[in-house]
Amino acid sequence: MTRTFAALVALSFAAPAFAESHASMGDAEAGEKTFAKCKSCHMIVSDDGEEIQKGGRTGPNLYGVIGRTAGAVDDYRYGDDLVAAGEAGLVWDEETLASYVADPRGYLREYLDDSSARSKMSFKLRDGSEDVAAYLASVSPAADESDETEKTD
């Protein structure tokens with residue numbers, strides 16, 4: 001009985017901390033700021049040429065990355081393992097993208113079950129990866145379409 005009570009007390013203190021730690025996951029506004037770390041290699045330019053974020057061209061344009069098959073932007077030369085992951089069914093969503101940018105090589109090794117898998121992306125975004133993924137989702141074509149739907153409703 002005493003152990004059960006102690007466990008319940010411990011859980012009651014842990015629950016608010018757990019909720020608080022997860023409440024900020026996926027903050028698009030914070031992700032926009034964190035994206036500054038990504039701009040040296042990546043830009044975000046819409047299909048019609050609108051420059052959402054100026055950035056480098058070492059990495060692919062990240063406009064529309066959420067919902068896209070991994071390794072599938074035309075005119076960009078991806079590493080073989082990222083292409084293989086896309087061919088194996090990897091489609092970026094917020095969760096998979098956040099995991100990938102936190103440890104690109106580790107993610108591909110796990111996804112492909114291949115201890116020699118590599119990623120051309122060597123940067124690891126350990127803090128804020130969920131926020132960056134939420135930001136990229138917020139500037140995706142799907143987000144633009146939902147904005148248009150809301151305006152016409």
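A disulfide is a covalent bond between the sulfur atoms of two cysteines, and here a pair of cysteine sulfur atoms counts as one within 2.5 Å. The structure holds 0 disulfides.

How accessible are these cysteines? Buried means under 20% relative accessible area, exposed means over 50%, and partly exposed is in between (1.4 Å probe, protein chains only). Cys 38 is buried, at 13% relative accessible area, while Cys 41 counts as partly exposed at 30%.

## What you're looking at

This is a predicted model, where local features need pLDDT of at least 70 and side-chain atom pairs count only at pLDDT 80 or more, while totals for chains, interfaces and linings use all residues. Residues are numbered from 1 along each chain as its sequence is written, and side-chain values use heavy atoms, with hydrogens and water left out.

## The nonpolar core

A nonpolar core is a set of buried Ala, Val, Leu, Ile, Met, Phe, Trp, Tyr and Cys residues joined through side-chain atoms within 4.5 Å. The largest one has 25 residues, and those with the most contacts inside it are Phe 35, Ile 44, Leu 82, Trp 92, Leu 97, Tyr 100 and Leu 136. At least two residues of this core come from each of helix 3 (80-87), helix 4 (94-102), helix 5 and helix 6. Helices here are DSSP runs (H or I, at least four residues), as are strands (E, at least two), and both are numbered from the N terminus.

Take a look at Ile 44. Contact means heavy atoms within 4.5 Å, and residues up to four places away in sequence are not counted for Ile 44. The residues that Ile 44 touches include Phe 35, Ile 52, Leu 62, Tyr 63, Tyr 135, Leu 136 and Val 139.

Why is helix 6 (residues 129-138) described as largely enclosed by the rest of the structure? It's because 8 of its 10 residues are buried. Those buried residues are Ser 129, Asp 131, Val 132, Ala 133, Ala 134, Tyr 135, Leu 136 and Ala 137.

Ser 140 sits in the loop between helix 6 and helix 7 (141-152). Ser 140 is buried too, with a relative accessible area of 4%. A polar atom of the Ser 140 side chain lies 2.9 Å from the backbone oxygen of Ala 137. Leaving aside neighbours within four places in sequence, Ser 140 is in contact with Tyr 63 and Gly 64.

Side chains of opposite charge can pair when their charged atoms come close. The rule for a salt bridge is a side-chain nitrogen of Lys or Arg within 4 Å of a carboxyl oxygen of Asp or Glu. The structure holds 1 salt bridge, and the side chains that meet in it are those of Asp 103 and Lys 124 (3.7 Å, N to O). Asp 103 lies in the loop between helix 4 and helix 5 and Lys 124 in the loop between helix 5 and helix 6, so the pair ties together parts that are 21 residues apart in sequence. Asp 103 is partly exposed at 23% relative accessibility, and Lys 124 is partly exposed at 34%.

Arg 126 is in the loop between helix 5 (104-112) and helix 6. Is Arg 126 buried or exposed? Arg 126 is exposed, with a relative accessible area of 54%. Not counting residues up to four places away in sequence, Arg 126 touches Ala 102 and Asp 103. Arg 126 and Ala 102 are 24 residues apart in sequence, yet 4.7 Å apart in space, C-alpha to C-alpha.

## Rings in pairs

Rings of Phe, Tyr and Trp (its six-membered ring) pair if their centres lie within 6.5 Å; planes under 30 degrees apart count as stacked, over 60 as edge-to-face and the rest as tilted. By this rule there are 6 aromatic pairs. One of them joins Tyr 76 and Tyr 78: their ring centres are 4.7 Å apart and their planes are at 70°, so the pair is edge-to-face. The rings of Tyr 107 and Tyr 111 have centres 6.1 Å apart and planes at 15°, so that pair is stacked.

Tyr 107 and Tyr 111 both lie in helix 5, 4 residues apart, which is about one turn of the helix. Tyr 107 is buried, with a relative accessible area of 15%, whereas Tyr 111 is partly exposed at 32%. Ring pairs link Tyr 107 and Tyr 111 with Trp 92 and Tyr 100 into a cluster.

Definitions and conventions:
Polar contact = N/O pair within 3.5 Å; in protein donor to acceptor, adjacent residues only side chain to side chain.
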